[in-house]
Amino acid sequence: MTSGGFVEPEIIEKVRVGKDYVAAKYGFRNHWYPVLLSSELTEDNPVAATVCGENILFNRLEGEVKAIKDQCLHKGVRFSRHLECYKKGTVTCWYHGFTYRYEDGQLNGIVGVPDSKIIGTRRIRTYPVTEAKGVVFVFVGDEYFDVPPLSHDVPPDFLEEGFTVCGRRQEVASNWRVGCENGFDSTHIFIHKNSTLVKHADLALPLGLVPTGKESFKIQDEDGGPKGVFDLFSPETVNPVFEGKIEGEGVLSGAADGKNLLPHSISMWLPCALCIKPWPVPELKQFEWYVPIDGERHVYFQFLGKYTENEEEEQAFAKEFEERWVPEALIGFNEDDIWAREATQPFYADGSGWVNEQLFEADENIVKWRRLAHKHNRGLQEPKHVDPA
């Protein structure tokens with residue numbers, strides 16, 4: 001059951017932990033989200049995107065990224081259905097010629113009615129945008145919200161000076177929360193048991209990871225910074241299971257001979273970011289975002305990061321990223337995750353999965369993530385915020 005594409009209130013009432021999280025089918029409001037790679041947005045070549053159900057038009061003008069609502073005030077059509085521009089720094093609606101400035105969203109002309117009295121008296125909303133590490137971020141939320149620094153909405157290591165990041169993105173046919181929980185679910189490692197990355201990266205990959213107690217997790221929720229949950233994988237906090245058993249009989253073995261027992265921690269951050277470190281080799285860290293498009297799809301951002309000391313090392317890492325890590329890790333390994341998310345989506349699609357699921361001991365990190373997201377989100381995307389498809 002859904003309410004206009006959202007989770008029905010009677011389902012949310014039955015949820016024991018994380019009611020806001022379950023209600024946030026279209027994501028959390030008043031947060032920063034990655035939306036494009038900087039390389040995808042060239043000068044004066046607008047690109048449309050839907051984030052948390054809101055249609056937004058991005059453009060780079062004099063090198064600076066601008067973002068406006070992708071919808072004309074007059075008849076509500078999307079500019080991006082047929083982009084037209086007759087004056088730099090503006091977009092003109094293909095239907096009746098209404099023209100808006102990217103800078104402030106103001107209606108500054110109507111091509112066929114240049115003396116209209118409404119010119120200069122109306123505007124469409126603009127969105128705060130920023131770029132960091134080769135990524136365009138947009139702040140999706142209330143127009144006059146006190147926008148926090150980007151550093152409050154990304155994993156702590158991502159913006160570090162001297163840390164070079166390379167990334168890619170693709171659309172996945174599952175809700176963003178299914179993406180988060182696939183990435184943060186430590187026992188989903190089982191689906192990767194046959195991945196070729198295990199051999200290529202010399203990984204010691206168990207069949208399961210069993211937390212030993214409360215010390216297996218850490219919460220970071222201090223004021224004035226990012227909010228997240230750590231799943232810690234030291235020998236004191238987790239038991240890796242390399243010998244799989246059913247009724248006491250060994251049935252399957254994990255990859256115990258690899259020299260790299262990774263990762264050491266996985267952490268999940270508001271609004272929807274994952275950090276795996278180190279991974280897939282000791283000198284790299286992997287970051288992922290599961291950015292809501294709508295209630296049924298998300299954009300899967302994958303980044304690998306490495307500390308570099310000069311431009312030559314940055315270029316060498318970029319080459320290694322494209323030639324080795326994209327095919328071996330971000331596609332070869334993570335395609336198992338995409339498959340699992342899309343297979344999971346039908347169970348949670350109508351919201352009933354959130355009350356019918358059967359969690360177990362190893363899901364404690366998921367429970368802590370839901371609790372943190374419920375407590376520290378800055379608002380929910382509601383039906384009134386979502387644009388027509």
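**View 1. Salt bridge between K66 and E64.** In this predicted model, the side chains of K66 and E64 form a salt bridge with an N to O distance of 3.2 Å. A salt bridge here is a side-chain nitrogen of Lys or Arg within 4 Å of a carboxyl oxygen of Asp or Glu. K66 is buried at 13% relative accessibility, whereas E64 is partly exposed at 48%. Buried means under 20% relative accessible area, exposed over 50%, and partly exposed in between (1.4 Å probe, protein chains only).

**View 2. Salt bridge between E181 and R370.** The side chains of E181 and R370 meet at 2.8 Å, N to O, in a salt bridge. This pair links distant parts of the chain, with E181 in helix α3 (residues 176-184) and R370 in helix α8 (residues 364-376), 189 residues apart. Helices (H or I, at least four residues) and strands (E, at least two) are DSSP runs, numbered from the N terminus. E181 is buried, with 12% relative accessible area, and R370 is buried at 6%.

**View 3. Salt bridge between K306 and E320.** K306 and E320 form a salt bridge through their side chains, at 3.9 Å from N to O. K306 belongs to strand β22 (residues 298-307) and E320 to helix α5 (residues 311-331), so the contact ties together parts that are 14 residues apart in sequence. K306 is partly exposed at 24% relative accessibility, and E320 is partly exposed at 23%.

**View 4. Strand β22 and its partners.** Eight of the ten residues of β22 are buried, so the strand is mostly covered. Strand β12 (residues 163-172) pairs with β22 in the antiparallel sense over ten bridges; two strands pair if DSSP finds at least two bridges between them. In β22, K306 has T164 opposite. Strand β21 (residues 285-292) also runs antiparallel to β22, joined by eight bridges, and K285 stands opposite G305 of β22. Five residues lie between β21 and β22, which form a hairpin. In a regular strand, side chains alternate between the two faces of the sheet.

**View 5. Salt-bridge network of R29, E54 and D142.** R29, E54 and D142 are linked in a network of salt bridges. A search of the whole structure finds 25 salt bridges.

**Notes.** Residues are numbered from 1 along each chain as its sequence is written, and side-chain values use heavy atoms, with hydrogens and water left out. Local features need pLDDT of at least 70 and side-chain atom pairs count only at pLDDT 80 or more, while totals for chains, interfaces and linings use all residues.
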